[in-house]
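Hi,

Here is the structure I promised to pass on. Have a look at it first, and then read my notes below.

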Number of protein chains: 2
Amino acid sequence: MVDLAKVDAYLDSHLDESLAELSTFCTQPSVAAQNWGIVECAELTAEMLRKRHFDVKITSTGGAPVVYGERAGAGSKTLLFYNHYDVQPPEPLDLWVSPPFEPTLRDGKLYARGVSDDKGHLVSRLYAIDALLSLIGELPCNIKFLVEGEEEISSLHLKDFVLANQDLLAADGCVWEFGGVDHCERPIQYLGLRGICYVELSVETAHIDVHSGLGGSIFPNAAWRLVWALNSLKGPDERILIPGFYDAVQAPSTRDRQLMALLPEAADEYRQRYGIKEFLKGLHGGLELQLAEVFEPTCTICGLTSGYQGPGSKTVQPARASAKVDFRLVPDQTPEDVLNKLRAHLDTQGFDDIRIDFLGGEPPARTDPDHPFVQMVVDTAESVYGTKMQVVPMVGGSGPSHPFIHHLGLPVVTAGIGYPGQLAHAPNENIRIDLYLKGAKHIARIINEFCNNP
Amino acid sequence: MVDLAKVDAYLDSHLDESLAELSTFCTQPSVAAQNWGIVECAELTAEMLRKRHFDVKITSTGGAPVVYGERAGAGSKTLLFYNHYDVQPPEPLDLWVSPPFEPTLRDGKLYARGVSDDKGHLVSRLYAIDALLSLIGELPCNIKFLVEGEEEISSLHLKDFVLANQDLLAADGCVWEFGGVDHCERPIQYLGLRGICYVELSVETAHIDVHSGLGGSIFPNAAWRLVWALNSLKGPDERILIPGFYDAVQAPSTRDRQLMALLPEAADEYRQRYGIKEFLKGLHGGLELQLAEVFEPTCTICGLTSGYQGPGSKTVQPARASAKVDFRLVPDQTPEDVLNKLRAHLDTQGFDDIRIDFLGGEPPARTDPDHPFVQMVVDTAESVYGTKMQVVPMVGGSGPSHPFIHHLGLPVVTAGIGYPGQLAHAPNENIRIDLYLKGAKHIARIINEFCNNP
C-alpha cells in the first residue's frame, strides 16, 4: 500500500504539468455531432495512454473510433474506467469569453469546450496513475480504459462494441466518466442514469418557401405543422400525451426516497445559477423537486428551426421546419418503445407528414447503492473532501451505462472533478483547479484500495 | 399624341441598355431588414432620376431615406409612381444558382435579388419615359416618383412621409410598385392590398441554456413556452383564436365575387409551382380558393428559432426562443387593433412571459374597380398583351397604399413586369425579359393616355 501523504504531495507538486497536458487535449476539437476532429482526438487519447505504457488498441466502429487501453498491475482485480474524448458543439460562439478551443486559465478555473465534459476527468485519472507509478513503480490492480468518441451523440456504436468485446472488457468494477461535488462542495456518488431517446422531427409542406402574402391563407405552413405536432406531445401542464408513454415507469422505491431525502436543498441554487423564476409543475423545492428532477421522464425541445431567422422581418411562408427533441427515460422505459409510440401518436393525431429521425438512444440503468464497491468509493472520498460523500440513487443525465451494468455485470460508480458551475454543454464550460486536484486524489485512493475491497 | 408603333420600336431596340442599367441597380445590395447598402442604393436611385432631368430630393425619415423626383410635362395632370429600392434578405444563400447580387441572364430571364421586387419595375418605368422623351422631347403629363427604402420592412416611415408631404405628392392617379401577368399570361389589375401586422414573439426562461438532463423535468423551457403560445393563436383548423380578431372583417361584396369569379383557375398552378399537396380548410380550387386567398386574414409563422440547430444532436434546454409572425389583414382590420388583441390574448392564456416586438404594420386599402383611371389602365393593356386585362379587386400581399388612397385621395392601379415564377422573397428571384419589355410598353401607353382620361 502506498503512502497517501506522498501521493497527495506528488499531485500537489505536478499540477502544472497535468494541466498543460489537459490544455493540449482541449485544444484539439472533437465535436461528434459535427464529425470535427474526431480521428485526431482518438489518436491523441491513445498517445496519452501509451505514454503510461498501456497497451492501446483503436477500433473502428462505423462511427467515431473507440480507444481501448490496458495495463496489468500487482493485484488480480481489474478496474475499468469509462471516458469519452468527444465534446458538445461549441455554439453559440459569441457567448464564450475566450474561444472554446483555446483553453484559458482565469480565476482558478480552466475554460474550454470539453474541459469538464469529459477531457478533464480522463486526464485527472491519468494524473492519479502517474502519481502511483512514480511512487511504487507499478499499479496496485489491473487497469483498463474504454474511451469512446460518441458520448455526446448518444453513444451510437458503444453498445455493439461492449457486447462484441465482453472478454476484453471483463472487470470487477467500473468508474464512470463523471463525478464531482454539489453546490455545497459535497462529493456526490451518482448511481443511476436516465435513458434517452433523441429525435429530430421535420416536415416539408412545399418545394420552396412562398411569399406569405400569397400562401398564408391557403397553403400549408411547415412551421405551423411543427408547432401543432409538438403541442400534441406535451401541454403546459408538462404531462406527456403520447399514449402508453408512462406505462413502464417505475416510481422511486422507499430506499430511493430515503437517499434522496438526504440531499441538500437545490432550489435556491437553481434559481440563482440559471435565473429560473419558477419551477415546473408547481414545485418549489425539497424532496419533491429532487425526485421530479431525476425520477420523471421528460420531453424536451432542444432546438427549433424554420424560415427566416435574421434581423427584422421577412414575409415568407416556410416550406420546411424541424425540431430537436430529447426524451429522458426512467426505468424501465426503453428508447425503442418510446420511438414506436411517438410514431403511432403522431399518425393518430393527423401528423403523418412529420418525419422522425432517430439520432440516438440508451436505456436507463442503475447500480445498487449498497454494493461494497460503492461503499469503498464513498469511504475513500472523505479524506480528500473533508466531508462524507453523498449517495444519489439516480441522476438526470444519460449515458451508455446499460451494457456495462446489464451485460458486463459491473457495479458502476462516479468519481471526478465536476461542480455545478461547470457549464457543461453551454458556453464557457470550465473546471475548478482545486477540484481537479481533489478528483485526482480520490481516484488514486480508489485504485489503491480496489484490491482490498471485498 | 405619340405614335405607339414608334414607342414600341424604340423600346424593342434599346432593351440591352435598359437591362444594363437594371443590372447595375441590382448589383447594389439594399436589404432593409439588415440595413445593408440602403444609403448607397438611395443615391443610385436618385442618380437614375436625375439622368432623366427629374428634380430629385432625398429625405431622411429616421430609417431608410425616401427618394422623391418630379418632372413637369405638357399636360396639366400629374401621375405619381410609387416604387421601392429596398429588397428582401437573400438568405438562404446556398439555394441560389447564381449569387443574389450578381445579376445573371439565363434562358430569357434575369436573376438577382430585387430584380422583380421592385427594381425591375422602377427601371422599366424609366425605360418607358426614355422612349417618350426620345420621341417627343417632353412628357405628356407631370410625373412624380416616390421611391422608398423600407417596403420590405412594412414601410415603417412612409405613412409619416406621405402625411407630411401631401402638397408635394398631390396627383391625379398613382401607379403602384408592382403588376404583371398571371400563370395564363393574362395581365392583371390588382386593386386592393391586404394590411399587415408583423411581430416577433420571444421568450427567455433562464439566463443561460441548461443541460437537458438537469433542467428537462423541472425548469421552464423557452422553446416549449413559444410552441404553446403559438398554438394558442391558431389550431390546425386554421381558425385564429385571438378574441375579436375577426370583428372588423368585411366579407367580399357581390361585385367582388363577380370579379373574382372571372379569374382563371389557380389550383393546379399552385400544386405544380410550389409542390403543394393539399390546400388548407378543405379547399380544392375555384372561386372559394380564390376568395380565401385574399379576402381572409391570416396568421403566418415566417420563422422559428431556438436552441441547437446544427447537425446531429445537442442535449440542451434552450433559455431563449422566438418566432416571426405575420398577420395579413383585410378591410376594416387595423394593425393597432390586432396588436392590442394579441397582447390581451397572450396575457389571458397565461403567456405574459411572451414578449411582442412590433416590426411593422399597414392597414388594408382598396381602389374602386369602376374608377375611370382603372378603366384606362385596363384598356391600354390590351394592345400590349393581346388579351384583356383581368381586374382583381383584392390581392394577398400588403403595401403602404392606405395613405395614398385615404389621405392623398388617389386611385391606385398596378401595371408592371411580374409573373408567377418570379420567386419574389425566395432564392433565384427573376424577371422574364419579354415581360419586362411588355411592362415598359404598357407604362408608356398609360403616361401617353393619362391627360385624355376623364
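**What I found**

Let's start in the middle: the largest nonpolar core has 276 residues, and the members that touch the most others are Leu226(A), Ile447(A), Leu226(B) and Ile447(B). Keep in mind throughout that this is a predicted model. As background, nonpolar side chains in soluble globular proteins tend to be buried together.

Next, the place where the chains meet. Chain A puts 75 residues into the contact, and chain B puts in 75 residues as well. On the side of chain A that touches chain B, the largest share comes from strand 12 (residues 300–307) of chain A, with eight residues. By type, that side of chain A splits into 35 nonpolar, 29 polar and eleven charged residues.

What does it pair with across the contact? Its partner there is strand 12 (residues 300–307) of chain B, and the two run antiparallel with five bridges between them. You'll find Thr305(A) standing opposite Thr305(B) in strand 12 of chain B.

Within its own chain, strand 12 of chain A also pairs with strand 14 of chain A, antiparallel again, over six bridges. Here Leu304(A) stands opposite Ala323(A) of strand 14. Strand 14 (residues 320–329) of chain A is mostly covered, with nine of its ten residues buried. Another antiparallel partner of strand 14 of chain A is strand 10 (residues 192–204) of chain A, and ten bridges join the two. One of the pairs to look for is Glu204(A) with its bridge partner Arg320(A) in strand 14.

Still in chain A, there is an open sheet of three strands in the order 8-9-17, with mixed pairing. Strand 8 (180–181) and strand 17 (390–392) of chain A stand at the edges with a single partner strand each, so one side of each has no neighbour in the sheet. Strand 8 of chain A runs antiparallel to strand 9 (residues 187–190) of chain A, joined by two bridges, and Gly180(A) has Ile188(A) in strand 9 as its bridge partner.

Over in chain B, six strands make an open sheet in the order 1-2-6-3-7-19, again with mixed pairing. The edges here are strand 1 (55–59) and strand 19 (412–413) of chain B; each has a single partner strand, so one side of each is left without a neighbour in the sheet. Strand 1 of chain B is joined to strand 2 (residues 66–71) of chain B by five bridges, and the two run antiparallel. Ile58(B) stands opposite Val67(B) in strand 2 of chain B.

Last, a helix in chain B. Helix 2 (residues 15–27) of chain B has 13 residues and reaches 18 Å from its first C-alpha to its last, close to the 18 Å expected at 1.5 Å a residue. Which of its residues are buried? They are Ser18(B), Leu19(B), Leu22(B), Phe25(B) and Cys26(B). Looking down the axis of helix 2 of chain B, these buried residues fall within an arc of 115°, so they line one face of the helix. They pack against helix 3 (38–51), strand 5 (109–111) and helix 4 (115–136) of chain B. On the other side of helix 2 of chain B, Asp16(B), Glu17(B) and Ala20(B) are exposed.

Cheers

Technical notes:
Residues numbered from 1 in each chain as written. Chains lettered and ligands numbered in written order. Predicted model: local features only at pLDDT ≥ 70, side-chain atom pairs only at ≥ 80, totals over all residues. Contact = placed C-beta atoms within 7 Å. Helix = DSSP H or I, 4+ residues; strand = E, 2+ residues; numbered from the N terminus. Nonpolar A, V, L, I, M, F, W, Y, C, P; charged D, E, K, R; others polar. Pairing = 2+ DSSP bridges. Core = buried A, V, L, I, M, F, W, Y, C linked by C-beta atoms within 7 Å. Buried ≥ 20, exposed ≤ 12 C-beta atoms within 10 Å, placed from the backbone. Expected span 1.5 Å × (residues − 1). Arc of directions from axis to C-beta.
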